[in-house]
Amino acid sequence: MPVTLHPSVAVFRIAGLTKRYDMGEVVVYALRGIDLEVFEGEIVVLLGPSGSGKSTLLNIVGGLDTPTSGAVWYRDWELTRAGDSELTEYRRRHVGFVFQFYNLIPSLTARENVAIVTEIADAPMAAEDALELVGLKDRLDHFPSQLSGGQQQRVAIARAVAKRPAVLLCDEPTGALDSATGIVVLEALAKVNRELGTATIIITHNADIAAMADRVVLLSDGIIHEIRRNETKKAARDLHW
Amino acid sequence: MKKKRRIARWIALAVLAAGVGYSFYPQAVTIEVVRVDRGAVRSALEEAGRTRVRNRHVVTAPVAGTAGRIALEVGDTVVAGQTIVTLTPPMALPLDARQTEEAGARVAAARAALAVAGEELAASVVAAELAAAQRARLEALAAHEQVAAEAVQTAVGAALQGAARQRAAAFAVEVARQEVAAAEAAARWSSERVRRNTTVLEVRSPVAGRVLARFRQSAAPIQAGEPLVEIGDTADLEVVVDLLSADAVVVFPGMPVRLLRWGGGEVLDARVRLIEPAGHTRLSALGVEEQRVPVVLDFTSPLSQYERLGDSFRVEANFTLWEGPDVLRVTDSALFRRGDGWAAFVVEEGRARARAVGVGHRGERFVEILDGLREGELVIVHPDDRIAEGARVTWAP
Amino acid sequence: MTALDKKLLRDLWDIRSQALAIALVIASGVATSVMSLTALDSLRVSRDTYYRENRFPDVFASLQRAPSSVARRLAEIPGVDHVEARVVSPAKIELSGYEEPIIAALVSVPVDRLPGVDRLFIRRGRPVDVGRLDQIVVSDAFAGIHGLSPGDRLGIIVNGRRRMLTISGVGASPEHIYQIAPGSVFPDFEAFAIVWMARETLAAALDLEGSFNDVALAVRPGASVAEILAQVDEILAPYGGLGAYDRGNQLSHRYLSEELRQLRQMATMFPAIFLAVATFLLNVVANRLVGTQKEQIAVLKAFGYSTGAIGWHYLKIVLAIAVLGILAGTALGAQLGKELGELYMRFYKLPYLVLVISGPMVLTAGGLSALAVALGTAMAVRRAALMAPAEAMRPEPPARYRTTVLERLGFGAWLSPASRMIARDLERRPAKTALSIVGVALAGGILMMGTIFDDSFAALVEIEFRLAQRDDIAVTFVEPRGIEVLSELRHLPGVLRVEPLRAVPVRLRAGHRSYRTQLEGVNPAAELRRLLDHRHRPLDPPATGVMLDDFLGGYLGVRPGDTITVEELTGRRRTRTVAVAALVRRYLGVGAYMEISALNRHLGEGIVFSGAALAVDAREKDAVYAALRSRPGVAGVVVRDAAVARVRETMGNNMIVFAIFASLFAATIAFGVVYNYARISLAERSRELASLRVLGFTRREISAILLGELGVVVLAAIPLALVIGRALCAVMMVGLQTDIVRIPVVVDRDSYAYATAIILASTALSALVARRRLHELDLIGVLKTRE
């Protein structure tokens, strides 16, 4: 269902974000001052090699981690000042996560994996509808052990979007899948973005995937090298790697 | 869906709470109960006693000599005048005037005693008739409840005494008569033996009855006055009970007594005739000294019921101190002390409630209830320290 | 130290809290074992030393009376070392300021020499002096309770006469370690005393100068005791001998031996349970450990470490935990054993305690524990050692789940997804779930044992002293008396009811079995003393025939309808066969019973009674005591309520100690099992739970999931605990059935609640401790790992 979008409204505003790890005698800078805005309804791909800090950035944006300095605003809420329970609330209501290794609950069926999240949401869609959205209507009562990697990831996507989050954060969603399956997954992400208007941030090290984004943020060594805009978004099925 | 789960959670909690609550809820204490009812309460005093032949007579040798063998055995029946033993005088015994005179004097004394006995008999007959009439009169009045029970009892006692005295007097007259005959026989014998070389003296029984005791059997020399046999009428029995002096005080003539465990099946009835005025000291079964007073009882049951009883047979006398045929009563094991009074646990709606109880007379198993309990209530027997006020109780049906 | 050993230490440190919990369980098991065995050995050695030093006799015999010359004939029996002829008598004690009746057993001692057997142990003061024949030695337990010391004077009423005697000393003898008044079952140091006095004095008081009525013999080692018993019986028969007996039948020795036997039972049963639980826990932990370290094992193997080396490495971890537990348990057990031994010493008034901590015993206990532990974890260790490297490197395939039984039955809608997670997890590993439930249930069962003992004992007291015996005072006469004695007692002011008693010592025989006991007369329609059937309903005695306690019936192998031989040991000493009419149920002592007039007829001595049961007005009881005390014909007076109260107190204290121990140990097991379960669950589900946290679940919500699983295990364990508790108790009680006492297994309702409450509390505590770990979930790391 298309929603009214305000592409000029910033969902995220990131300013001067720095993250430093002290590991004994060694100091590692994962992020060295990131400034970025993410707008409603857009697909942003964070591209970069391993160690570039893209995961760290996603984690902070998702309220899973805190920066050493700098700030992140979700709409008008300064995440970086929020406490743990506020962040939990934030993740509960506003963010959907998709992980590289799906992180499904193995003892719950597909439907239940989605239901476990919809039950704590305010105005979710039905679990069955979310799964239909990702094309798994006939696998509702299968356990993760009975689903292929791609199917599991799609369940994860359904789970992430079923609560109608404002934001979808995907960390290497196709990292564990072959290209054919990966495309299916990316199609699902694109469809969700289209139909629900969810701002989607996708992390990947695979440059081909970047073609389906609205904007591509190139990260390396903790700083943004370049932000490119894609004039035409490729459809997911047209990607190959 | 959520609602169902919430309901399920509440149900589970409720079940758990109920389980714990039920578990800690104190269990009912198991007890034994008995009902307060109306019935007989008998306050009694029980003591062992023995039968006694009322009138006994010891036949003695009237003179010295050699007594023959006594053929009679203990238990044999004798008739009045029956020869008990034959006395043979010693061979050489000079006769003198003094002895003859003595013999004559003895005869005279015996005759005088007979006269006295006769007069006593006459007096006792009059007294007995008076007492009997009084008794009859009072008993008739008692039938209309115009006299007190004690007065009737006293009259009954007096009547019995009178009758007994009369019988004793009659017996004494008989004895006296025989004594006269014996003295005359002895006197005759003393004088006759002068005429004959040897004479034997037949010692005869003055009364009819049975041989209660035999003091010698074989032929042997004997002194004057030595006992030969004891004769008594075993059909004429009384009972003697040695009561503790404290008990003798509560007993009165005419009091009904039941005689138990005498060997026959039935309970025999008797009445107190006489409480002797003097007590004596006796060692108790457990070794302490006690003062005992003999109390004499007369049988009131017909002779046919107790004719198997002999002399000095053991009976147990159960004195009715008080009898209430229809009073409110409860088993004595239901009562316990509370301060200076008594109390009982009444079962009300499955709980034990202590109640002060006023008790009256105490019988063997039951106690008279004056107040505090009502007929039909259930009370706990042998209450113990498990039972507190208000505790829940249960009992086997 | 090798690198592998360093790994060992660090691994141990990683699982330190779980290791500690398991070590605690092992320590509990070892401690119970060492404690019981230490106490047992110490008591046994102390008792044996006491017997030896104070010449506990080997053979005992009572008789009516015999001249002293007969003692010389006893000494001539081959195999007899010493003969001590003595005079004994029951007596009453008058203690100023103490109204309740006190009875005593008087025993004569020679004053001019040391006795050959049964020497006194003088605790305070001195033995009876040669020159002071009015002196006595009093049992120290009695003296202690009444605050008597050497120099005090005591009124002793023997044979109807009262004498004031001076206490020269306070002591004990090995013959009277267990001091039980005749007719009682439990020791009562307050109302019963042993008094030793000069032989001349006692003999004179009883008109037994130059005679004796009791004898004790010491037997040469190796001699045949049975032979000697037979010869003693033969010599003493014409003097009214009641039958000689050896140590095995001596009252004090028997009771003490029973106690030690029960202690031994405890010493084996509890440690077995603890070790079983500990083994199970170690098994689970070891498996888990091995599971998490699969890759490390693979690497080690790839680099050439042998199977044996790997196996030994993991075995060492397990043994390290076990050794920790064993050492702690041994130290704790030795200390507790010492205290338990001292407790028993004070309870039995043993003169001293020889503390014995046998090295071999400790080693055995420790070794067995270690062995059990090693065997239990063998599977896990073997798995570790035999894993092929390549396989070890592969990731675990995802666990297979299925819908649970509950859901298939249609209750799915009642469960939240979280509940379903829990249910499916439990079903997926039924063995682990079941064993955890059993572990907690065992803990609960042990907990229940404490309260069940208490309930059972209370039930025993209730049945014996509320249903069967309801008299206030029991009186025994010096000699049987006729029916006048009942009348005399009834006349005492304050006496409400009198029921006669008659008891004679007999020997019962059935086939090849015999038993020496009392044949008691029973009144039909009695109020105060009744016989009960196996359902505790009053039983009226039949007009003929004898009744037996069902335990005795079982021992002799007879049932109603069979006949037994009754051999009178006193009086006419006849032997007759009688039919067994019924079996009755009693829990204290055993005996044979007959309707009282039938008994009198059977014995042919006329209607006589040997005692009476009285119901007394509470307000007049002092007067009744005084009246009974002043009567020479009264040998003994037992006030029931007081005796029962004292028994309750003594046993009550023991119960409390036992219950505390049981609770502590049970709580330890429960804590250990639950804590390990929680930690392992947490470890296995950390990924899941972290994911849920990422998805926006609060900490409370995920701890609910974790604890929910725990909760199901515990709640399932509770009913099982109740069943196990009852079963454990029944097993223990069976071993405790003797002819002295039999305890019914009775469980009051509140025991269930108590056990449940403690289990819940213990598991809640350990769950909360485990839950703290939830705060340390690494939300980020979990997203990047595969498993």
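In the predicted model, the axes of helix α19 (residues 640–694) of chain C and helix α21 (residues 749–771) of chain C come within 8 Å and cross at roughly 40°. Axes are lines fitted to C-alpha atoms, for helices over the stretch in contact, and angles run from 0 to 180 degrees between N-to-C directions. Helices (H or I, at least four residues) and strands (E, at least two) are DSSP runs, numbered from the N terminus. The two helices α19(C) and α21(C) are therefore oblique to each other; angles under 35 degrees count as roughly parallel, over 145 as roughly antiparallel, 65 to 115 as roughly perpendicular and the rest as oblique. The crossing in which α19(C) passes α21(C) is right-handed, a crossing being left-handed if the near helix is turned anticlockwise from the far one by less than a right angle, and right-handed if clockwise.

Residues of α19(C) that make this contact include C:A667, C:F671, C:V674 and C:R679, and those of α21(C) include C:I758, C:I759, C:L765 and C:V769. Two residues are in contact if their C-beta atoms, placed from the backbone, lie within 7 Å. By class, the contact of α19(C) with α21(C) comprises 13 nonpolar, four polar and one charged residues. Ala, Val, Leu, Ile, Met, Phe, Trp, Tyr, Cys and Pro count as nonpolar, Asp, Glu, Lys and Arg as charged, and the others, Gly among them, as polar.

Helix α19(C) also packs with helix α14 (residues 430–468) of chain C, their axes coming within 7 Å and crossing at roughly 175°. That angle makes α14(C) roughly antiparallel to α19(C). The contact of α14(C) with α19(C) has 23 nonpolar, six polar and three charged residues. Elsewhere in chain C, the axes of helix α7 (residues 251–292) and helix α9 (residues 307–348) come within 12 Å and cross at roughly 160°. Helices α7(C) and α9(C) are therefore roughly antiparallel to each other, and α7(C) passes α9(C) in a right-handed crossing. Their contact is made by C:L256, C:L282, C:A286 and C:V290 of α7(C) together with C:Y314, C:V318, C:I321 and C:Y348 of α9(C). By class, this contact of α7(C) with α9(C) has eight nonpolar, no polar and no charged residues.

Chain C is divided into domain 1 (58–254) and domain 2 (469–643), with bounds that come from an automatic or database domain assignment. The centres of domain 1 and domain 2 of chain C, taken over C-alpha atoms, are separated by 26 Å. Their contact takes 19 residues from domain 1 of chain C and 21 residues from domain 2 of chain C. On the side of domain 1 of chain C that touches domain 2 of chain C, β3 (88–95) and β4 (98–109) of chain C each supply at least two residues. Strand β4(C) gives the most to that side, with four residues. The residues of this side of domain 1 divide into nine nonpolar, five polar and five charged.

Chain B has five helices and 22 strands. The domain assignment of chain B gives domain 1 (25–42 + 325–395), domain 2 (44–52 + 235–321), domain 3 (57–89 + 210–232) and domain 4 (91–199). The centres of domain 2 and domain 3 of chain B, taken over C-alpha atoms, lie 31 Å apart. The C-alpha trace of chain B spans about 145 × 50 × 35 Å along its principal axes. The radius of gyration of chain B is 35 Å, whereas a compact globule of 397 residues would have one near 21 Å. This radius is taken over C-alpha atoms, and the globule rule is 2.2 Å times the number of residues to the power 0.38.

Among the two pairs of chains that touch, the most contacts are between chains B and C. In that pair, 23 residues of chain B are in contact with 32 residues of chain C. The elements α1 (2–24), β2 (37–53) and β17 (335–338) of chain B each supply at least two residues of the side of chain B that touches chain C. The largest share of that side, six residues, comes from α1(B). The residues of the side of chain B that touches chain C divide into ten nonpolar, six polar and seven charged.

The contact between chains A and C takes 23 residues from chain A and 20 residues from chain C. On the side of chain A that touches chain C, the elements that give two or more residues are α2 (84–94) and α3 (110–118) of chain A. Helix α3(A) gives the most to that side, with four residues. No contact joins chain A and chain B, whose closest C-alpha atoms lie 9 Å apart.

Residues are numbered from 1 along each chain as its sequence is written, while chains are lettered from A and ligands numbered from 1 in the order in which they are written. As this is a predicted model, local features need pLDDT of at least 70 and side-chain atom pairs count only at pLDDT 80 or more, whereas totals for chains, interfaces and linings use all residues.
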